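This report sets out the architecture of the chains, then their surfaces, and then the charged pairs within and between them. The sequence and the structure are shown first.

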Amino acid sequence: MVMGLAAGTGCASSDGSSQLTVFAAASLVEPFSVIEESFEAAHPGVDVVMVHAGSADLAAQIIEGAPADVFAAADEAQMAVIGEHAAAPPAVFATNTLTIVVPRGNPAAVGSIESLGDPSVVSVVCAPQVPCGASSARLAALAGVALVPSSEETSVTGVLSKVAEGHADAGLVYVTDVARRTGVEAVATEHADEVVNAYPIAALTGSDQPDLSAGFVDYVLTTGQEALDAYGFGTVQR
Amino acid sequence: MTVAMMPRWMMPLAVAAGALVALPLAATALRIDWSRLPELAASPSALDALGLSLRTAAVATALCVALGVPLGFALATWRSRAKPAVRALVLAPLVLPPVVGGLALLYAFGRRGLVGASLHAAGVELAFTTVAVVLAQTFVALPFMVLAVESAVSARGGHHEALAATLGASRSVTLWRVTVPALRPALITGTVLAFARALGEFGATLTFAGSLPGVTRTLPLEIYLQREADADAAVALAAVLVVVAVTVVALAYRPVVRRAS
């Protein structure tokens with residue numbers, strides 16, 4: 001919050017340089033840092049400031065008037081939360097799917113999503129109230145498995161760290177999360193490609209540089225796709 | 001008992017301090033959707049979480065009294081050059097970000113932890129259980145008790161105790177008949193602070209104990225989760241938590257206030 005406030009104060013300054021504040025979901029840190037660099041290289045004088053946090057936090061801050069130019073959310077529900085603060089209809093710029101994650105070496109020999117319905121396997125998933133949990137519930141329903149988690153985490157990061165540190169035998173996270181974390185591996189997951197999570201992006205009405213904001217959104221939807229692909233996100237055809 | 005005189009210049013600062021705390025609380029109260037409050041606060045998930053919070057915080061507070069009071073005494077009466085270092089160590093949970101506290105508990109009591117690995121081998125699992133919630137709460141709340149007792153014991157001379165000893169009282173009798181009554185305000189302060197801290201505990205619980213309805217999902221965890229889906233519900237539950245905490249504090253502090261007046 002403090003970062004966002006401090007970052008948003010210096011927009012078009014007297015020396016012709018300008019600052020673009022992008023609120024982006026925590027799962028986008030790596031691809032967006034690549035996009036930040038290449039966008040700045042393509043737009044001399046523009047300083048892109050990335051503020052990463054959970055989409056719900058970011059959406060709440062935008063509603064409370066945080067000075068952001070662009071919002072990239074991890075799911076469409078959180079984008080819907082900001083409603084009229086979006087300057088144009090949000091566009092989907094990336095997709096993500098779920099996978100079973102296990103500690104490296106797979107100590108509990110988890111072979112399929114059936115294992116997450118086995119009480120002898122310590123599993124953790126996201127709570128149904130958060131986006132990754134809603135997707136997990138859909139996936140379990142498709143696979144016909146009743147999940148018996150030891151914990152329903154409030155974020156995908158919580159699931160990932162409990163698996164990575166070996167406190168849980170298995171969990172459900174996004175494909176891109178597995179690549180970001182050492183000490184874990186993915187297990188092939190049936191029906192995962194049927195539960196697709198879409199990431200929407202929109203320029204915000206609060207921006208006092210609407211052209212630059214719209215330009216950044218456009219950039220993510222075109223040139224930026226390569227960086228998203230490199231980090232395991234599903235890309236969109238334009 | 002005479003009350004200390006307060007210089008007039010302190011008054012605006014005291015008012016500012018009060019406002020700093022009261023303003024955010026008042027702002028929160030204004031956001032509450034009062035028409036939905038009874039329904040939100042009495043939902044099964046909220047009642048589950050509140051019940052779990054009260055039970056775990058009560059046990060954690062009892063542990064803080066049982067363990068923190070002796071440690072406070074030990075620190076106050078111990079004469080050693082290592083004392084500042086030991087005190088700093090004991091107070092570390094006050095400074096540690098709670099999430100790091102949770103990680104530390106996992107490193108100690110988790111399945112692959114220092115102690116936890118042996119417990120796991122013996123078939124005892126702490127992580128993801130209600131016991132883990134109590135451990136996390138005790139870990140973060142204990143310093144309040146230790147600090148309250150240590151400073152109160154240090155501030156007292158051993159005069160009355162020495163007198164009791166000359167009259168033939170044993171150390172334990174002196175403790176119960178002389179020291180504990182004299183320390184009563186500090187014990188109450190420590191207990192209230194420890195309970196409040198345990199009740200509000202969030203980060204260490206989430207990291208160490210996880211979040212499962214009825215087992216490890218205390219009210220602060222339920223509030224955090226609700227906020228993702230329904231901010232109004234989160235604010236309503238937070239109001240419940242504040243009311244419970246304020247009620248407990250008011251009840252516990254009452255006897256001391258009466259004595260002082």
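## Model and conventions

Accessible areas come from the Shrake-Rupley method with a 1.4 Å probe, and for residues only the protein chains shown count as cover.

This is a predicted model, in which local features need pLDDT of at least 70 and side-chain atom pairs count only at pLDDT 80 or more, while totals for chains, interfaces and linings use all residues. Residues are numbered from 1 along each chain as its sequence is written, chains are lettered from A and ligands numbered from 1 in the order in which they are written, and side-chain values use heavy atoms, with hydrogens and water left out.

## Chain A: fold and domains

Chain A contains 9 helices and 9 strands; helices (H or I, at least four residues) and strands (E, at least two) are DSSP runs, numbered from the N terminus. The chain is divided into domain 1 (2–94 + 198–230) and domain 2 (96–194), with bounds that come from an automatic or database domain assignment. The centres of these two domains, taken over C-alpha atoms, are separated by 29 Å.

The C-alpha trace of chain A spans about 65 × 35 × 30 Å along its principal axes. Of the 238 residues, 53% count as buried, where buried means under 20% relative accessible area, exposed over 50%, and partly exposed in between (1.4 Å probe, protein chains only). Contacts are defined by heavy atoms within 4.5 Å; among those in chain A between residues at least 6 apart in sequence, 76% join residues at least 24 apart.

## A:Gln225

A:Gln225 belongs to helix 9 (residues 225–230) of chain A. With a relative accessible area of 9%, A:Gln225 is buried. Not counting residues up to four places away in sequence, A:Gln225 touches A:Phe93, A:Val220, A:Thr235 and A:Val236.

## Chain B: helices and surface

Chain B has 13 helices and 0 strands. Its C-alpha trace spans about 65 × 60 × 30 Å along the principal axes. Buried residues make up 38% of its 261 residues, and of its contacts with a separation of 6 or more, 73% are between residues 24 or more positions apart. Chain B exposes about 14300 Å², with 73% supplied by carbon and sulfur atoms.

A nonpolar surface patch is formed by B:Met6, B:Trp9, B:Met10, B:Met11, B:Leu13 and B:Val15, with about 650 Å² of accessible area together. Patches are made of residues with over 30% relative accessible area and no salt bridge; like charges are joined within 9 Å, and nonpolar side chains (Val, Leu, Ile, Met, Phe, Trp, Tyr) within 5 Å.

## Salt bridges between the chains

Over all chains, the structure holds 12 salt bridges, each being a side-chain nitrogen of Lys or Arg within 4 Å of a carboxyl oxygen of Asp or Glu. One of them joins the side chains of A:Asp57 and B:Arg227 (2.2 Å, N to O). This pair crosses between chains, from helix 3 (residues 55–63) of chain A, which holds A:Asp57, to helix 12 (residues 219–229) of chain B, which holds B:Arg227. A:Asp57 is partly exposed at a relative accessible area of 24%, and B:Arg227 is partly exposed at 26%.

B:Arg111 and A:Asp169 also meet through their side chains in a salt bridge (2.7 Å, N to O). B:Arg111 lies in the loop between helix 5 (98–109) and helix 6 (116–121) of chain B, and A:Asp169 in the loop between helix 6 (156–164) and strand 7 (170–174) of chain A, so this pair joins two chains. B:Arg111 counts as buried at 17% relative accessibility, as does A:Asp169 at 7%.

## Salt bridges within a chain

In chain B, the side chains of B:Arg197 and B:Glu201 form a salt bridge (3.7 Å, N to O). B:Arg197 is partly exposed at 22% relative accessibility, whereas B:Glu201 is buried at 0%. In chain A, a network of salt bridges links A:Glu30, A:Asp177 and A:Arg180.
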